[in-house]
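Here is a short walk through the structure, for reading with the sequence and the 3D view side by side.

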Number of protein chains: 2
Amino acid sequence: MGSSEDDGITAATAPTPPAITGGLSCISLVLRSLLFAATGASIAVMVTGKQTKEIISLPPFPPLVMVAKFDYSPSFIRYFVAATSVACVYSLVSAVGTAVWLRRPNSASGTLSFLLAFFDALILGIVASATGAGVSIAYVGLRGNSHVGWIKICNMFDKFCWHIGGSLVLSGAATVILVLLVMLSTFSLHRRSRR
Amino acid sequence: MGSSEDDGITAATAPTPPAITGGLSCISLVLRSLLFAATGASIAVMVTGKQTKEIISLPPFPPLVMVAKFDYSPSFIRYFVAATSVACVYSLVSAVGTAVWLRRPNSASGTLSFLLAFFDALILGIVASATGAGVSIAYVGLRGNSHVGWIKICNMFDKFCWHIGGSLVLSGAATVILVLLVMLSTFSLHRRSRR
C-alpha cells in the first residue's frame, strides 16, 4: 500500500521524461539538422547567383554588358540572406542544445522546452518574412508588372533566376521544417503539462 | 498529517489554474482584441488605397489618366489581404476561445493552451510572410531599382503609397502583437508543466 502511494507521488512529480519524450527529441534533432542544411544551402545558392549578359550591338560600338547578381537588390535579398543566416545559426545552436538535453535529460529541461518553443516560433516568423520578401521580388522579376512598367528580367537572366528560385524553394522548405518544429516543441511542452 | 498528504496530492494534480494564469489569459484576451483591430484596420486601409492621376498633355490630345489601386498588384497585395484576413478571423475565434476559457477555466484548458500556442505561431508565420511580401514590393515602389529598370511610383502616387505604408505599419504592429502572444501562450504552457 505504501509502495503504491510512493509510486503515485513519483508519477506525479518525477522530472525524468518517458521514452516517448526522448523519441520526440530525436525527431526534433533530425529536423534541426535538416533546417541547418536547408538554410545553409539556401544562402549558398542565393549569394552565388550571378549572370553576365552581353547584348550585341552594331560596330563600332562595343557590346553592352549587363550583370545580374544578388546584391543588386541591396535591401530585400540582403535581408533574406541575413534572416536565413540567423535561422541557420539558430538551427545549429538549438540542435546542440537538444543533443545535450538527450544526454542529460533532467538538467533544466522545462526551461529548455519553453525556450525552444518560443524561439522556434520567432525564427519561423523571421524566415517566413524573408521568404515572403524574396518570393514577391522574384515574382515581379518573373512576370513583371505592366501597370507600373516594371519589366520582367527572368527572360534575360534565366540562370540568375534559377538561383533565386532554388534559394527560395530551400527557404520555403526551411519554413515547413520550422512549422513542424513549432508543432513538436509546443506538443512537448503540452505533454510535460499533462504529466 | 493525512490533511497534509491530501494537500500535496491536490497541488500536484489539480487542474484549477491559479490567479496568475487568469491574469495571463486577460492579457492574452487584450492582445487578441488588439490583433483583431490591427489586422482589420490593415485590410481596410489596403483595399481602400486608390489614386487617379491625370497627366496633362497638349491639345487636342485628352489628358492621360493613370490609376493606382491595390488590385493592380494581383498576386502579392492580394496574398497580403488574404493572409491578414486569416489572422483577423483567427484573432476573433481565439479571443472567443480565451473568453470562454476565462469563464470556465477547467474545461479542456490544456488542449486549448496547446492549440493556442501552435496556432499563434502559425499565424505569426503567415502574417510575417505577408508583411515581408508587402514591404518588399512597397520598397521597390518607393525607391525603384535602377539595376533592372524598375521605376519608383511613389513620387507620382503619393496618396496611394501612404495607404500601402499605413497598412504595412498596421500589419507590422500585428506581427509584434503575435510575437507577444506566442511568448504568452508558450509561457502559459510552460507554467502548466511546472505545476
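In this predicted model, S25(A) is in contact with T98(A), W101(A) and L102(A), leaving aside its neighbours within four places in sequence. S25(A) itself sits in helix α2 of chain A. Is S25(A) buried or exposed? S25(A) counts as buried, because its relative accessibility is 8% and the cut-off for buried is under 20%.

Stepping back to the whole chain, chain A has five helices and two strands. Read from the N terminus on, the elements of chain A follow the order α-α-β-β-α-α-α. Of the 195 residues in chain A, 43% are buried. Among contacts in chain A between residues at least 6 apart in sequence, 78% join residues at least 24 apart.

Two of the partners of S25(A), T98(A) and W101(A), also take part in the packing of α3(A) against α4(A). In general, two packed helices are described by the angle between their axes and the distance between the axes. For α3(A) and α4(A), the axes come within 9 Å and cross at roughly 160°. The two helices are therefore roughly antiparallel to each other, and α3(A) passes α4(A) in a left-handed crossing. On the α3(A) side, the contact residues include F76(A), Y79(A), F80(A), T98(A) and W101(A), while those of α4(A) include L112(A), F119(A), D120(A), I123(A) and V127(A). By type, the residues of this contact of α3(A) with α4(A) divide into 16 nonpolar, six polar and one charged.

Now for chain B. Helix α3 (residues 76-103) and helix α4 (residues 109-143) of chain B pack at an angle of about 160°, with axes 9 Å apart. That makes α3(B) roughly antiparallel to α4(B). The crossing of α3(B) and α4(B) is left-handed. Among the residues that meet are Y90(B), S94(B) and W101(B) from α3(B), and D120(B), I123(B) and V127(B) from α4(B). Here the contact residues of α3(B) with α4(B) divide into 16 nonpolar, six polar and one charged.

Which residues touch the most other members of the largest nonpolar core? They are L178(A) and L178(B), in a core of 38 residues. Helices from both chains contribute to this core: α2, α3, α4 and α5 of chain A and α2, α3, α4 and α5 of chain B each supply at least two residues.

L178(A) lies in helix α5 of chain A and is buried, with a relative accessible area of 0%. The C-alpha atoms of L178(A) and R32(A) are separated by 8.5 Å, although the two residues are 146 residues apart along the chain.

A further residue to look at is A38(B), in helix α2 of chain B. A38(B) is buried, with a relative accessible area of 8%. A38(B) and Y139(B) are 101 residues apart in sequence and 21 Å apart in space, C-alpha to C-alpha.

| Residue | Contact partners (heavy atoms within 4.5 Å) |
|---|---|
| L178(A) | L35(A), D120(A), I123(A), L124(A), V127(A) |
| L178(B) | L35(B), D120(B), I123(B), L124(B), V127(B) |
| A38(B) | L170(B), A174(B), I177(B) |

Key: Residues numbered from 1 in each chain as written. Chains lettered and ligands numbered in written order. Predicted model: local features only at pLDDT ≥ 70, side-chain atom pairs only at ≥ 80, totals over all residues. Heavy atoms only, no water. Axes fitted to C-alpha atoms, helices over the stretch in contact; angles between N-to-C directions. Helix = DSSP H or I, 4+ residues; strand = E, 2+ residues; numbered from the N terminus. Parallel < 35°, antiparallel > 145°, perpendicular 65-115°, else oblique. Left-handed = near helix turned anticlockwise from the far one by under 90°. Nonpolar A, V, L, I, M, F, W, Y, C, P; charged D, E, K, R; others polar. Core = buried A, V, L, I, M, F, W, Y, C linked by side-chain atoms within 4.5 Å. Buried < 20%, exposed > 50% of the residue type's maximum accessible area, 1.4 Å probe, protein only.
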